[in-house]
Structures are given as structure tokens and as C-alpha cells.
Amino acid sequence: MAEPSLSIKGLRAGYGSLDILNGVDLDVPQGQFVALMGPNGAGKSTLLKTLYGMTTVKGGSINWQGKDISAFKSRAILAEGISWVPQGRCNFPVMTVDENLQMAAYTLRDARVKAERDYVYDLFPILKTRRNTLAGNMSGGEQQLLEVAMAVLQRPKILLVDEPSVGLSPTAIGIVFDELLRINAAGQTILLVEQNTKKAMAVAQRAVILRLGKVIWDGLPADITHDELGELFLTGRMRGETDVEH
Amino acid sequence: MTSAASPAVRRGPDLRIPFGFALVALACVAPLFLGNYPLHAIIIALIFLLPAHGLNLLLGYTGLLSLAQAAFFGIGAYASALLAVHFGTPFYLNFLAAGLVTGAIALPLGIPALRLRATSFVMCTLGFVIIGQAIAKNWISLTRGDMGLAAIPKPYFALGPASFTVSGTVGFYYLVLAIAALATLAVYLIVRSPAGRNMIAIRENETLAESVGIPTWHYKLVVFMISAVFAGLGGSLYAHYLTVVSPLTFQMYYSTTMLIIVLGGGAGTISGVIFGSLLFVGLTEALRVAPELRMIAYGFFLLALVFYFPNGFAPLIGRFWSFLERRK
């Protein structure tokens, strides 16, 4: 395994006085496709938001390529090469695909905006055919692709993707995951949060399971069955194991 | 927000500019065939247009519902009145000072208020109006309390030895028309600029706007200040037009009227807000024929509006533009 580019140690974070993450440890090497799973309220989305500087960090560290970024604001994190695809339909619906990509390029210099937009259109040709369509008038799958494209446009070193399958048809989910696999094959590091565990386990190289704000399982998707996964989600331990929570 | 109503998505030749000029031309000759009373109603509508433009920038374009317009309207009116009464400064100075003072006061009010979310922010802005009225009522040594400040001189311009006073309704009409046109142009330039697009991005999805790197907090604060400046300038005109200000200038009535103008006309559109201010001020005046039924009729009108035009009249205006474009 390569040197971890992202190294999270004992991370505690939450919203205001509410703690969601209670000591998360996680290393993500360059180029890996990691699926982050867990029951509702486990802190999956909160972990992504924390990595993107949108929660209150109470303790621990987030080391990103040799820098502790736990106190960074979103904008600085974006500049460090971390992009975030928020959960649900998260675009500007009254703007066209072109305008959405232009907004996504907000932090870039004008000269680069066009080049990066063309780069994204090469990556996702379907968006090019829809460039003058209002984002809100596209299908859910197309909107999700647009949202991934908006994050990829920054040429991030790691892409944080939060539940891309929410509200999508099975076909659309298939398309979105195929696209994620494709950009991962081209070298894109991806940290994916997903409720659709079947789909996530099928595409990811590594599965990380979060429960009550802690990593409780970390390994290859092939090493865990869906039944065991369900067991972990519900009880926090595998069948036959003693309770690991206390 | 309907797509037809959003200037961010408008394509092709813009017919609104020639139409706008035609409207201004029509407005310029209006005093030739309108009596004093309709002119008075239009003056009030054009004065209200300023705070409404400000609220539209805040609510229609940035997505922040504020009830503070009455507070800034009152501050502008008092700033102007105090200067005029105590120092006898000319109108244009009072007018500019009213804008500056309101903008400056909006800064320390906006910083804590904008930290609040949705409903709390609305309640906070409502508080500004109540506090403003309390100060106007109780700081008697400055504001003369409920007595108000009277005998505010009519706008008077002095340039070197030349000077003139805008006294009649027609004169004031032209003054207000010019200022309203300039304000409309300013709003147009703001919403058409990259900043305007960023404001719309904040309205559509603040989290996403923040995540792509837009300094949303700074934008909201600046737009809050600009909207206050517009309200302050409107207040100044109001004071010089009525020649008297009292704590009633800080009424919630003005905040709700601005809200009705913006929402009824069409939040996020300029033409909708212009239409809204003329319509709703006109309606208030027209309903004076039946004073006992006035507010009931107004209420029914609002109900009908909500049922039949939930997005205000802007979609209707939008259809009118596309009708014109198709005929071309």
C-alpha cells in the first residue's frame, strides 16, 4: 500500500455541543476507492463534512499530505485538493449545466475556467449535450453526474462523495457508479459514503464501517458478507464475537 | 422560483431594455395627463420602490427574508429630517447621508443577525423595527418623540449661486422618477454582474455555494447593507415629500408592504417589483372609495394572489415578454 495521503487520528467532531464523531481513525492511500458505510446516525456524512471543514472539530487530527487541516475552512481545504459532493440534489437548479460548472469554478482564475469546463465535458460527454439545459430540468442521474462533475472540475486529489444514490432509479445509480469507477480507474482517490451497501461493496476496493462515531470494521469488501454487514450495523459486532463496544 | 422569472437564465435579445425606455418615456409625460392625486400615488409607489428593490436584492436574489426594511426606512427618514431641521443642509446631502447612515447602521446589526438561521433571522429583523420605533418615541431630546419632526423643507438644490426648490407635486414627481430610475438601473447592474449570479447561487443552495468557495457570509452582509441603503434612501425621500416624520415611520406596515410588493410582484425579478409597487400602492389608494371595506378587500386581493399567482405576477410578466419576443 502507498503512503496514506489522508490520515485521520482520534477525530472527534460534531455540531455545536453535539458530538457525532467519537475518535475516528482512518488512513486513505492515494488512488484508493473507499466506501464508508454504517447505520443511520453513525457519522458517515459528518465525517465527510468534517473533512471539508463544515463542522466543529473537538479533538484529534486530520493529516492531509503532511499538513494538519483540521482547523482549515472549506475554501482552504478546496485549495488543498479536497472536493466534496454533498448529499441529495445539490446543484443550482435555475442555472444551466454550463453556469453550474462556472459556479463550481468560482475559485479558479478566468483563464482556467474554460479549460477546466472542457476537461469536465470530455470526462462526462453527456453533460456536454445538456450544457444549456437548466440543471433542475434534468433527470436525477444527470443531476448527480453534474454534481460529481462540479467537484471533479477542481481536479481534486481526493473526492468526497456523499450518498450519490439517494433518490435515483436503479439505472441511474448504475450510471453514476460506473462513472465513479471510471474516474477512480484513472487515478482519482474517492471516499464514498453510501447507504446502498450492495452497490458500494461492488465498486469499492475497501469497506470501512462506522457506528456511533467510530470505525468498527475496516477491510476488503470480499471479506464480509451482507449478513455480517447487517449484523455489524445493528449490534456493532459480528456473530460469535464478544461485544467490542465496551 | 420559476425559470421564466429568473434573469440568470434569460437568453436572446433583451426586449426589456427598449420596453423600459418606453415606460420611462411614458412616465416622463405622465404629468401632462394625470391629475395631482394619481401623481401623488405614483410618487408614493416610486418612493416605496426603493426599499422594495432593496428587499428584492435580499429576499428575491439572496434568499434572506427580512422584516427590517421599515427600520431602515425610518432611520433614513429621521437621518434626513434631523439634518434638514437642525442644520438646514440641502436635500442632496441629506439624501446621501440617509443612505450612508443606514448602511453604516446595518453593518453592526447584520453581523449578529446573519449568524442566525431562517426563522430566527426573521424574528431578529422584526426586533430592529420595534427597537427603532422605541428609540424614535423615547429619545425625545433628539427626535421630539411622538411629536415627530415637522417642517422638513422640500428638496432644495444649491449649486454655487444658483438654487431651486422642488415644491409642487409635478416637480417632486420628476425628482422621484429620476431617483427610482437610477435605483432600478443600479439593481439591474448588480444582479447582472458576477456578484448577482453568486447571490442567486446562495439563494438556490447556500451550502453548495459555500462549498464551491463563495464567501457566502460576506455576500449576505453586503447585500443586507445594500438593501438597508435602498430603504434609507427611500425613507429620506419620504421625509422630504411628506415634510414630517414621526415614530409611525417605523411601522411594521412598511415592512409588510415591502414584502407584499416583492412577493406579489415577483421576488427575484426587477420588472415584477416595479409592477408590484405601482399595483399595491395603486390598490391601497383605489380602495379609499370604500374606506370601511378597504382592508377587507385588500386582504381578499392578497388571498386571491396567493391562490392564483403563487409566484407573484412575475410569471405573467415573463409570459408577456415571450409573447413580444415571438411576435418579433
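The following exercises, each with a worked solution, concern a predicted model.

**Exercise 1. Describe the sheet of chain A that contains strand E2, and state which strands stand at its edges.**

Solution. 
Step 1. Identify the edges. Strand E2 (18-29) and strand E5 (67-68) of chain A each have a single partner strand, so one side of each is left without a neighbour in the sheet.
Step 2. Examine the pairing at E5(A). Strand E4 (residues 56-64) of chain A is joined to E5(A) by 2 bridges, and the two run antiparallel. Within this pairing, A:Trp64 is placed opposite A:Lys67 of E5(A).
Step 3. Helix H1 (residues 44-51) of chain A touches strand E1 (4-15), E2 and E4 of chain A. The direction of H1(A) makes about 70 degrees with that of E2(A).

**Exercise 2. Determine whether A:Leu160 is buried or exposed, and name the residues in contact with it.**

Solution. 
Step 1. Locate the residue. A:Leu160 belongs to strand E7 (residues 158-162) of chain A.
Step 2. Apply the cut-off. A residue is buried if 20 or more other C-beta atoms lie within 10 Å of its own. A:Leu160 has 25 C-beta neighbours inside 10 Å and therefore counts as buried.
Step 3. List the contacts. With neighbours within four places in sequence left aside, A:Leu160 is in contact with A:Leu48, A:Leu51, A:Tyr52, A:Ile82, A:Ser83, A:Trp84, A:Val85 and A:Leu191.
Step 4. A:Lys49 is 111 residues from A:Leu160 along the chain, while their C-alpha atoms are separated by 8.9 Å.

**Exercise 3. Characterise the crossing of helices H3 and H6 of chain A.**

Solution. 
Step 1. State the geometry. The axes of helix H3 (residues 97-104) and helix H6 (residues 140-152) of chain A come within 8 Å and cross at roughly 35 degrees. The crossing of H3(A) with H6(A) is right-handed.
Step 2. Name the residues that make the contact. H3(A) contributes A:Val97, A:Asn100, A:Leu101 and A:Ala104, whereas H6(A) contributes A:Leu146, A:Ala149 and A:Met150.
Step 3. Sort them by class. The contact has 6 nonpolar residues, 1 polar residue and no charged residues.

**Exercise 4. Follow chain B from B:Thr243 through helix H11 to B:Gly266, and state how far H11 is buried.**

Solution. 
Step 1. Begin in the loop. B:Thr243 is found between helix H10 (216-242) and H11 of chain B. Phi of B:Thr243 is near 65 degrees, a positive value in a residue other than glycine. Because B:Thr243 has 14 C-beta neighbours inside 10 Å, it counts as partly exposed.
Step 2. Consider the span of the helix. Helix H11 (residues 252-265) of chain B has 14 residues and reaches 19 Å from its first C-alpha to its last, close to the expected 20 Å.
Step 3. H11(B) is mostly covered, with 10 of its 14 residues buried. Among them are B:Tyr254, B:Met258 and B:Ile261.
Step 4. Reach the end. B:Gly266 follows H11(B) and has a positive phi, near 135 degrees.

**Exercise 5. Describe the side of chain B that touches chain A.**

Solution. 
Step 1. Count the residues. The contact takes 15 residues from chain B and 19 residues from chain A.
Step 2. Find the contributing helices. Helix H8 (194-204) and helix H9 (206-211) of chain B each supply at least two residues of this side. H9(B) gives the most, with 4 residues.
Step 3. Divide the side by class. Its residues are 7 nonpolar, 6 polar and 2 charged.

Technical notes
Residues are numbered from 1 along each chain as its sequence is written. Chains are lettered from A and ligands numbered from 1 in the order in which they are written. This is a predicted model: local features need pLDDT of at least 70, side-chain atom pairs count only at pLDDT 80 or more; totals for chains, interfaces and linings use all residues. Two strands pair if DSSP finds at least two bridges between them. Two residues are in contact if their C-beta atoms, placed from the backbone, lie within 7 Å. Axes are lines fitted to C-alpha atoms, for helices over the stretch in contact, and angles run from 0 to 180 degrees between N-to-C directions. A crossing is left-handed if the near helix is turned anticlockwise from the far one by less than a right angle, and right-handed if clockwise. Ala, Val, Leu, Ile, Met, Phe, Trp, Tyr, Cys and Pro count as nonpolar, Asp, Glu, Lys and Arg as charged, and the others, Gly among them, as polar. The expected span of a helix is 1.5 Å times one less than its number of residues. A residue is buried if 20 or more other C-beta atoms lie within 10 Å of its own, exposed if 12 or fewer, and partly exposed in between; C-beta atoms are placed from the backbone.
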